[in-house]
Structure formats: C-alpha cells, structure tokens
Amino acid sequence: MTNGDTTGNAAQPLLASRGLVKAHGRTEALRGASVELRAGEILAVTGASGSGKSTLLHCLAGIVRPDAGSVTYAGRRLEELPEKRLSELRRTDFGVVFQFGQLIPELTALDNVALPLMLAGAGRVEARARAGEWLERFGVRGQEELRPGAMSGGQAQRASLARALVTGPKVVFADEPTGALDSLSAEQVMTALAHTARESGTAVLLVTHDAQVAAYADREVRLRDGAVAPLGVTA
Ligand SMILES: Nc1ncnc2c1ncn2[C@@H]1O[C@H](COP(=O)(O)OP(=O)(O)OP(=O)(O)O)[C@@H](O)[C@H]1O
Ligand SMILES: [Mg+2]
C-alpha cells in the first residue's frame with residue numbers, strides 16, 4: 001500500500017481544508033478555500049497572481065495558522081495540535097519547496113539537503129551521501145559544494161526540491177517549483193518530481209501558473225479571489 005493506509009480510511013482524503021479564511025493585514029488572501037488532496041495524488045493549484053495560492057499552501061502545510069476554517073491531515077485537525085506536535089509532523093510527513101527558495105544561506109547545497117536527514121537522526125556521512133543522490137536526481141551536478149548565494153535561481157530551486165523529498169515525506173508542497181527554470185529544465189524537473197511521487201506514493205500539492213507544469217498533475221483546482229473557482233471558470 002502507499003500512503004493511503006495512513007488515513008485509516010481509504011475513502012477519506014489525506015489532506016483537506018474546509019472554508020479557510022486568512023487575512024494579511026487588510027488583504028483577505030483566503031476567503032473560504034476548500035480543497036482535498038488524496039494520498040498519492042498530484043494536485044495542481046493554479047490562479048492569477050494574488051489569488052491566494054501561496055497562502056493556501058502555507059495553511060495546508062501547517063506553516064501559517066488560518067483565521068478561520070480547518071485543515072485535516074490523516075484524520076488530525078492541524079489547528080488542534082500543539083506547536084511542538086505540529087513541527088514534528090511537518091518534519092516527518094511534509095516536504096516544502098517555498099516560492100522563493102529559502103535554502104539556508106550559510107550551508108552548501110549538499111548540506112542543505114542533508115540537514116533534514118540529520119535532524120531525523122541520520123549520521124553526517126550517510127546523510128551527505130543520500131543528499132548527493134537526490135541532488136543528482138534533480139540535475140544538480142558539480143555544484144554540491146556551492147552556497148545558495150553562488151547558485152543560479154534554477155539550481156537553488158532544484159536543491160530545494162531535493163531537500164523537500166530527501167526524507168520520503170507523505171506530502172510535498174511545491175510553490176512554483178519551476179518558476180526560475182527555462183522550459184526544458186522545467187520539464188526535466190517535473191519529470192523527476194512526478195516520477196518520484198508516483199514511485200513512492202507521495203502526494204504533491206503543486207502551485208503553478210504554468211499550464212505545461214499543471215499538466216503533470218492528476219487534477220487541477222483554480223483559485224480566484226481566495227476561494228476555489230467553480231469548474232469552467234478560467235479567469
Ligand atoms: N505577508 C503578507 N503581507 C501582506 N499581504 C500579503 C502577504 N502575503 C500575501 N499577501 C497578499 O495576500 C494576497 C494573496 O497572496 P498570495 O501570496 O497567497 O498569492 P499567490 O496566488 O501566491 O500570488 P503569486 O502568484 O504572485 O505568488 C495578495 O493580495 C498578497 O498581496
Ligand atoms: Mg505565490
């Protein structure tokens with residue numbers, strides 16, 4: 001079985017939000033967003049700039065607490081978990097690729113990817129070896145010892161993907177993972193991401209504005225003004 005058994009009920013989605021509301025100051029970024037992600041599914045979240053995609057991703061990943069609404073992961077309500085349990089869950093079950101990279105600037109690409117393994121208890125030598133394999137899978141070769149400041153945007157993005165996947169998470173949240181890549185590189189990275197996800201049964205929430213990238217998903221939901229637009233609405 002894949003991750004489906006972690007829900008305890010295969011009919012339930014692995015991750016679901018109901019009526020999420022979140023304001024940043026006076027801006028209502030989310031106005032009742034409800035989405036469902038099934039185990040092993042690749043779901044594309046699309047929508048215009050400012051429609052709330054990143055805010056939705058942050059709420060679903062338990063990084064931002066919504067003002068109202070709920071997020072349920074494998075039968076657990078994230079808003080009811082104490083901060084310590086939530087961090088632990090994020091570390092063991094979730095991998096996140098942020099829209100603007102967010103690698104640790106002081107660490108090399110290799111150490112950035114090795115870090116989540118070391119936090120999970122792996123030794124440095126083993127963690128670095130596995131990190132190297134993941135960097136290779138995402139096309140980072142010969143740049144393992146560079147710090148993020150010396151890497152191109154595309155290389156940093158590939159390293160961020162490797163970092164999100166290295167621990168074998170149940171859900172990967174990827175915010176515009178190909179935003180800094182040309183179309184050929186985007187295709188290579190998406191092929192690697194989709195292949196890895198299918199192979200391991202990892203669910204992926206893929207935020208993208210690129211229709212070619214969204215085409216790698218099983219399903220697409222479109223956000224409009226902070227809520228899911230009805231099917232057929234394209235603007
Ligand atoms: N930290 C913040 N402070 C203030 N406003 C914010 C903040 N983050 C997001 N917003 C606002 O909330 C709304 C939704 O932003 P969000 O980043 O979720 O959109 P998005 O769909 O990811 O956009 P993009 O495609 O440009 O990345 C926008 O109007 C944005 O300006
Ligand atoms: Mg965004």
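Guide: Contact here means heavy atoms within 4.5 Å. The model is predicted.

Visitor: Which residues is Glu41 in contact with, leaving aside its neighbours within four places in sequence?

Guide: Start with its place. Glu41 sits in the loop between strand S3 (36-37) and strand S4 (42-47). Leaving aside neighbours within four places in sequence, the contacts of Glu41 are Glu36, Thr202, Ala203, Val204, Asp218 and Arg219.

Visitor: Is Glu41 buried or exposed?

Guide: Buried means under 20% relative accessible area. Glu41 has 7% relative accessibility, so Glu41 counts as buried.

Visitor: Which residues coordinate the magnesium ion (ligand 2)?

Guide: Look for donor atoms at 2.0 to 2.3 Å from the magnesium ion. One is OG, the other OE1. They belong to Ser54 and Gln99.

Visitor: How many residues apart in sequence are the parts that this pair ties together?

Guide: Ser54 lies in helix H1 (residues 53-60). Gln99 lies in the loop between strand S7 (94-97) and helix H3 (109-119). The pair therefore ties together parts that are apart in sequence by 45 residues.

Visitor: What is the handedness of the crossing of H3 and H4?

Guide: The axes of H3 and helix H4 (residues 124-137) come within 8 Å and cross at roughly 120°. That makes H3 oblique to H4. The crossing is right-handed.

Visitor: How many residues of the contact of H3 with H4 are nonpolar?

Guide: Leu110 and Val113 of H3 are among those making the contact, as are Trp134 and Leu135 of H4. One residue of the contact is polar and four are charged. The nonpolar ones number ten.

Technical notes: Residues are numbered from 1 along each chain as its sequence is written. Chains are lettered from A and ligands numbered from 1 in the order in which they are written. This is a predicted model: local features need pLDDT of at least 70, side-chain atom pairs count only at pLDDT 80 or more; totals for chains, interfaces and linings use all residues. Side-chain values use heavy atoms; hydrogens and water are left out. Donors are N, O and S atoms within 2.8 Å of the metal (3.2 Å for Na, K and Ca); water is not among the atoms, so sites may look incomplete. Helices (H or I, at least four residues) and strands (E, at least two) are DSSP runs, numbered from the N terminus. Buried means under 20% relative accessible area, exposed over 50%, partly exposed in between (1.4 Å probe, protein chains only). Axes are lines fitted to C-alpha atoms, for helices over the stretch in contact, and angles run from 0 to 180 degrees between N-to-C directions. Angles under 35 degrees count as roughly parallel, over 145 as roughly antiparallel, 65 to 115 as roughly perpendicular and the rest as oblique. A crossing is left-handed if the near helix is turned anticlockwise from the far one by less than a right angle, and right-handed if clockwise. Ala, Val, Leu, Ile, Met, Phe, Trp, Tyr, Cys and Pro count as nonpolar, Asp, Glu, Lys and Arg as charged, and the others, Gly among them, as polar.
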